[in-house]
Amino acid sequence: MTTARRAWLEALVGALDPGRDLVVAGLGANARYLPHLDVRAPHFALCDSMGAAIPLGLGMALARPDRRVVVLEGDGSLLMNLGTLATVGAARPDNLVAAVFENARYESSGGQALPEVRVDFVAIARAVAFPVAERLAEARELPAALARGWASGGPALLALPTAFDPAEPIPPYSQRPAEIRLNFARALGR
Amino acid sequence: MAGPEPTGREGARRIVAALEECGVTLVATVPDTWIGWLMEEMRKSRRLRVVDVVSEEEAIAIACGAALVGARAAVVIQNAGLLNSGAVIASLVHLYMVPCFLLVSYRGDERDPVYYHAPKGRVTEATLAAWGIRHARVREGVKAQIRQGFDWIEETRAPLALLFSAEDLS
């Protein structure tokens, strides 16, 4: 069972605490959707740098323990930097949740298939000491799963099976990197 | 194989003290032998959080994340790992203009006795120049060098690499 990306994103955005949460989006569809959603929490979107979203979020989480960081990452992008889950597991931030959108596609580059093997990110996260690692089925489950992540005392990974529709009208990137950085800094009051 | 361990660690302690005095709170690192010696001193600090990571690109992204929320961070990696990191430097550090301070063990320069590091040594500074990364070797007065380095990366929103050898740690 898969869920539309937009439904995952809307459920996630609705569950954020704007005064406390930060959002980091890895490159691709999540980053492209972000400016078109009502995201009131400070957010930072990558338009390149595949695989960097989770370590970027980890740096924020460790430097700002007063904040909670939600990272939106794709399965292809995470595979490019899978070792980062070990780093996160060792660092044990209690304010980092990685939401991994699973559609087995490199969606941004034309929908090419990932290598044809099923990678169980939930099992990997559990193996590297994430106290919460769950695969969800429906968007309505997301707020409670996020809450379990924040309450777990360590990092969490939520795997989100995501529908792939080559005709989905994903908006193009609409913000330039300098604008993204400045908006993020302003939202943080910097 | 690393060559002889430096006698004393005064140089390493000066580097740690300089990072502390600059307000650095987070150090992301991948070890090599020389970095291992430096990190033994780094881990004694109560003001530096050391984050052990599994790839150098990851270390750079972590430091960038810290910088984006207003913290000062440093990356401590070998030049081999730096050479692996072109993509994140181009597509995160340069693209988003994030200040990034790199402390790089300079394997294969003329001071390194280990033959197999030599090819990395030959290409390190040329690669840094090609990637638009200002760089310098650690010299006498490393504390001022590090302080000025952090001021410079924040003024220019650019990366800077400080290259060190085993003898710089003694």
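D120(A) and R135(A) form a salt bridge, with 3.6 Å between the closest N and O atoms. A salt bridge here is a side-chain nitrogen of Lys or Arg within 4 Å of a carboxyl oxygen of Asp or Glu. This is a predicted model, in which local features need pLDDT of at least 70, side-chain atom pairs count only at pLDDT 80 or more, and totals for chains, interfaces and linings use all residues. Residues are numbered from 1 along each chain as its sequence is written, chains are lettered from A in the order in which they are written, and side-chain values use heavy atoms, with hydrogens and water left out.

**Confidence**
- The complex gets an ipTM of 0.97 and a pTM of 0.97 from the predictor.
- Chain B has an average pLDDT of 96 (the predictor's confidence in each residue, from 0 to 100).
- In chain B, 98% of the residues score at least 70.

**Salt bridges**
- Over all chains, the structure holds 26 salt bridges.
- D120(A) sits in the loop between strand 6 (112-113) and helix 6 (121-127) of chain A, and R135(A) in strand 7 (residues 132-135).
- The two residues are 15 apart, and their pair links distant parts of the chain.
- Helices (H or I, at least four residues) and strands (E, at least two) are DSSP runs, numbered from the N terminus.

**Interface of chains A and B**
- Contact (heavy atoms within 4.5 Å) involves 27 residues of chain A and 25 residues of chain B.
- On the chain A side, strand 2 (43-45), helix 3 (53-63), helix 5 (84-91) and helix 8 (177-187) each supply at least two residues.
- Helix 3 of chain A gives the largest share of that side, 7 residues.
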